[in-house]
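Here's a quick briefing to read alongside the model. Have the sequence and the 3D view open as you go.

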Amino acid sequence: MITTEGLTRTFRAKDRTVEAVRGIDLSVGEGELLAFLGPNGAGKSTTLRMLTTLLRPTAGRAIVANHDVSRDPDAVRRRIGYVGQGDGASHSQRVRDELVAQGRCYGLTAAASEQRADELLEALELTELARRKASTLSGGQRRRLDVALGIVHRPALLFLDEPSTGLDPQSRANLWHHILRLRRETGMTIFLTTHYLEEADTMAERVVVMDEGRIIADGTAPELKRALAARSAIEAPTLDDVFLDLTGRSLRDRFIAPPEAVAA
Ligand SMILES: Nc1ncnc2c1ncn2[C@@H]1O[C@H](COP(=O)(O)OP(=O)(O)OP(=O)(O)O)[C@@H](O)[C@H]1O
Ligand SMILES: [Mg+2]
């Protein structure tokens, strides 16, 4: 479903170059549910944005849903869904109208997008909120709407960038209930990032850890835990232990003061 070779992205800031993604090779099979982990600033969102054609790679290549993201971005976009970090919906419209508009964007007829909107409202427990302005939804409701918007066109591959961040435990559990059910019903491949490691531990069958633009671990959660138990004194490590062992305990997105700020 996804293959990358040397996928790289650098950003040129005013006074320095940020190597956000440093040549990653990754292969994701059909139907996998993969959790993509890493500290703040590791390069997760940048990777997702390249895989979803929102950002051009600086070097390397990525084949997503059988198409090259650089050569054939339109074909990739038609086959994937993307729910970005923060939120995707513009929220000025009513919930149902937003879904209908998204369907129209993907080329559905008016009747088909209305039907699909109603299906998704039902599937994501949003029917009672159909006429509400999206801007008035709670965090959990909004995130469910974001997921609905991401799958209007029935993509075979769904990217979720921190879908559950900021939600209370009930809303997180509810969102996961929906994600897992959609996956069971559609066989969709799901590629997600999260900072809630117990989510990765219990929901994902594969965990990939990124740090400083590189992939530093790739395996099932039990494999990664066993490997840590074998190389450390920790007896029954959690995925949090694995993560901290791999990525260290220092803050990654610490502010590096520019020279003038230091001088002043
Ligand atoms: N448009 C940009 N211009 C300059 N630097 C950027 C840009 N986008 C991202 N970066 C930098 O690239 C690095 C990777 O950022 P990215 O957003 O991919 O991290 P992340 O793993 O998603 O982090 P988080 O967990 O905080 O969401 C960071 O150092 C970030 O500041
Ligand atoms: Mg991010």
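By class, 5 nonpolar, 7 polar and 1 charged residues make up the shell around ligand 1. Here Ala, Val, Leu, Ile, Met, Phe, Trp, Tyr, Cys and Pro count as nonpolar, Asp, Glu, Lys and Arg as charged, and the others, Gly among them, as polar. Keep in mind that this is a predicted model: local features need pLDDT of at least 70, side-chain atom pairs count only at pLDDT 80 or more, and totals for chains, interfaces and linings use all residues. Residues are numbered from 1 along each chain as its sequence is written, while chains are lettered from A and ligands numbered from 1 in the order in which they are written.

**Around the ligand**

- There are 13 residues around ligand 1, and Phe11, Ala20, Asn40, Ser45 and Thr46 come nearest (a residue is near a molecule or strand if its C-beta atom, placed from the backbone, lies within 6 Å of it).
- Two or more shell residues each come from strand 2 (17-28) and helix 1 (44-51); helices (H or I, at least four residues) and strands (E, at least two) are DSSP runs, numbered from the N terminus.
- Helix 1 gives the largest share of that shell, with 3 residues.

**Helix 1**

- This helix is mostly covered, with 8 of its 8 residues buried; buried means that 20 or more other C-beta atoms lie within 10 Å of the residue's own, exposed means 12 or fewer, and partly exposed is in between, with C-beta atoms placed from the backbone.
- Ser45 and Thr46 are among the buried residues of helix 1, and so are Lys44, Arg49 and Met50.
- After helix 1 comes Thr53, which has a positive phi, near 70 degrees.

- Four strands make an open sheet in the order 2-1-4-5, with antiparallel pairing; strands count as paired if DSSP finds at least two bridges between them.
- Strand 2 and strand 5 (67-68) are at the edges with a single partner strand each, so one side of each has no neighbour in the sheet.
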